[in-house]
Amino acid sequence: MKRRTFLAGLAAVPVAGCGLSGTSSTTTGGTGQVTGEITFQTWSLKPKYTDYVNGVVDAFQKQHQGTSVKWVDQPADGYLAKVMADASAGSLPDVINVPPDLSFPLAKAGQLVNLDESLKDAKPEYLGNAWQAFEIPGKGGCYGFPWYLNTGPIFYNKALFSQAGLDPDKPPTNFKELEEQALKLAAKKIAILGQTPSIADFGLYGVKLFDNDKFTFNEPKGVEFVESYKRMYDAGALIPEALTQNYTGAGAKFMAQQTALNPGSAYDLGKFKTDAPSLYANIGISTPITNTGSANMFLHGVSVPKSSKNQATALAFGRFVTNAENQVKFAKLASIFPSTSKGGDDPYFTTEDGTDEARVRVAAAKQLKTAVNYTPVQFSDQMREALLQQLADAMLGKKSPKQALNDAVAECNRLLK
């Protein structure tokens with residue numbers, strides 16, 4: 001799953017009352033009174049979640065008389081560029097919706113409030129792994145309230161597995177099994193995958209991605225990982241389009257039953273049922289492929305810039321938006337999970353009702369408690385493109401896996417500086 005697919009906004013991405021008691025935001029831990037006007041900026045939540053966000057804003061204003069929250073929603077296209085332009089101009093909104101990799105350059109430049117200093121009692125309200133995702137390595141402190149999370153299962157086509165003589169009830173659970181089964185599928189002219197690995201896949205394999213202020217995924221285990229993909233590619237286990245820069249058709253290939261396996265979310269089951277009923281009839285659901293025992297986690301958060309002229313209210317609102325009650329309500333509307341320590345205890349995330357959708361949702365909620373945001377916060381879109389290009393060269397035999405990774409790491413470290 002390409003991370004930006006999730007991060008580009010819930011309207012584009014796939015786990016969609018609660019009675020759950022959230023933490024009161026009357027205590028901010030910061031200085032100043034919770035009053036006055038602030039601006040809250042989100043990333044592509046209109047129009048699908050307009051009523052929800054307006055409800056949260058109204059509830060906050062009712063709880064804190066004298067406050068006024070102006071909600072601004074920006075489209076997915078150009079969001080990152082707009083945030084950086086606003087940061088350069090010193091005109092960031094009071095509360096801003098960001099993923100960890102966007103919070104990193106802002107925090108590194110000293111533009112975001114350190115929540116560990118301003119709200120010392122907030123950390124226990126959130127899952128430790130989600131809070132950690134917004135900590136800045138080498139700088140200390142957390143620079144974003146974790147908001148919505150996602151992870152997902154592996155979907156596979158049982159019929160294609162059976163055609164290759166594989167047990168349709170025993171899909172791969174680690175990367176050794178992935179290669180073994182991929183080669184057996186390829187022998188029957190069946191591709192298993194529609195994409196080359198992301199930086200998070202290196203983390204799932206067990207590669208050390210970043211250490212001592214530099215990228216290190218060209219270590220021997222990283223080379224070993226790329227060599228495995230090279231063998232699969234040479235055998236025909238990856239579709240040729242997987243090497244195309246910014247290729248986004250892996251999901252469509254899986255739905256067309258042209259690949260045998262694809263990561264996804266609970267949202268996809270409904271899509272399969274509606275748009276690909278023949279696939280749905282043969283769909284298998286498995287846990288993420290990992291050598292570490294921990295799944296990958298995608299997440300968004302909200303940060304408060306230091307430039308806010310009303311930090312007390314901005315901090316109170318950021319905490320309110322991301323409290324357990326509001327997060328659970330949001331998760332029941334969208335294909336996401338709450339990042340609060342209590343949110344996952346809601347029966348919606350712990351109780352199956354006999355449907356595949358609930359089974360996937362409950363399994364994903366459980367795995368999120370130990371999931372890891374493997375993508376380093378320092379890893380930018382430019383670095384992602386550099387890695388993809390080097391992987392393509394390795395797959396095509398233009399470079400050895402070792403040389404390709406050495407070149408990718410060199411470019412990523414150059415961009416980091």
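Mentor: One definition to begin with: a residue counts as buried under 20% relative accessible area, as exposed over 50%, and as partly exposed in between. Also keep in mind that this model is predicted.

Trainee: OK. Where does D121 fall, buried, partly exposed or exposed?

Mentor: D121 has a relative accessibility of 40%, so it counts as partly exposed.

Trainee: What does its side chain meet?

Mentor: The side chain of D121 meets that of R319 in a salt bridge, with 3.2 Å from N to O.

Trainee: Which residues are linked with D121 and R319 in a network?

Mentor: E125 is linked with D121 and R319 in a network of salt bridges.

Trainee: How many salt bridges does the structure hold?

Mentor: The structure holds 17 salt bridges. Another of them joins R231 and E179, whose closest N and O atoms are 2.6 Å apart. R231 is in helix 10 (residues 220–235) and E179 in helix 8 (residues 175–187), so this pair connects parts 52 residues apart in sequence.

Trainee: How do R231 and E179 score on accessibility?

Mentor: R231 is partly exposed at 42% relative accessibility, whereas E179 is buried, with a relative accessible area of 13%.

Trainee: What about E325 and K329, how far apart are they in helix 15?

Mentor: E325 and K329 are four residues apart in helix 15 (residues 324–333), which means that about one helical turn separates them. Their side chains meet in a salt bridge at 3.5 Å, N to O. E325 is partly exposed at 29% relative accessibility, and K329 is partly exposed at 33%.

Trainee: Changing topic. Which strands does strand 1 pair with, and in what sense?

Mentor: Strand 1 pairs with strand 2 (residues 67–74) in the parallel sense, over eight bridges. Strand 1 also runs parallel to strand 3 (residues 95–98), and two bridges join them.

Trainee: Which residues stand opposite each other there?

Mentor: On the strand 2 side, W43 stands opposite Q74. On the strand 3 side, Q41 has I96 as its bridge partner.

Trainee: What holds paired strands together in general?

Mentor: Strands of a sheet pair through backbone hydrogen bonds, and the pairing is either parallel or antiparallel.

Trainee: Back to strand 1. How many of its residues are buried?

Mentor: Six of the eight residues of strand 1 (residues 36–43) are buried, so the strand is mostly covered. From strand 1 the chain crosses through helix 2 (residues 50–63) to strand 2, and this β-α-β crossover is right-handed.

Trainee: Next, helix 12. Which of its residues are buried?

Mentor: In helix 12 (residues 266–275), the buried residues are A266, D268, L269 and F272. They span an arc of only 145° around the axis, so they lie on the same side of helix 12.

Trainee: What covers the buried residues of helix 12?

Mentor: The cover includes strand 5 and strand 9 of the three-stranded sheet. Helix 11 (250–255), helix 13 (277–280) and helix 17 (356–368) are also among the covering elements.

Trainee: Last one, Q311. Where does it lie, and what is it in contact with?

Mentor: Q311 lies in helix 14. Leaving aside neighbours within four places in sequence, Q311 is in contact with V113, P305 and K306. Q311 is at 28% relative accessibility, so it counts as partly exposed.

Trainee: And what separation is there between Q311 and A164?

Mentor: The C-alpha atoms of Q311 and A164 are separated by 60 Å, and the two residues are 147 residues apart along the chain.

How values were computed: Residues are numbered from 1 along each chain as its sequence is written. This is a predicted model: local features need pLDDT of at least 70, side-chain atom pairs count only at pLDDT 80 or more; totals for chains, interfaces and linings use all residues. Side-chain values use heavy atoms; hydrogens and water are left out. Two strands pair if DSSP finds at least two bridges between them. Buried means under 20% relative accessible area, exposed over 50%, partly exposed in between (1.4 Å probe, protein chains only). A crossover is right-handed if, with the strands pointing away from the viewer, the path from the first strand over the helix to the second runs clockwise. A salt bridge is a side-chain nitrogen of Lys or Arg within 4 Å of a carboxyl oxygen of Asp or Glu. The arc is that of the directions from the helix axis to the C-beta atoms. Contact means heavy atoms within 4.5 Å.
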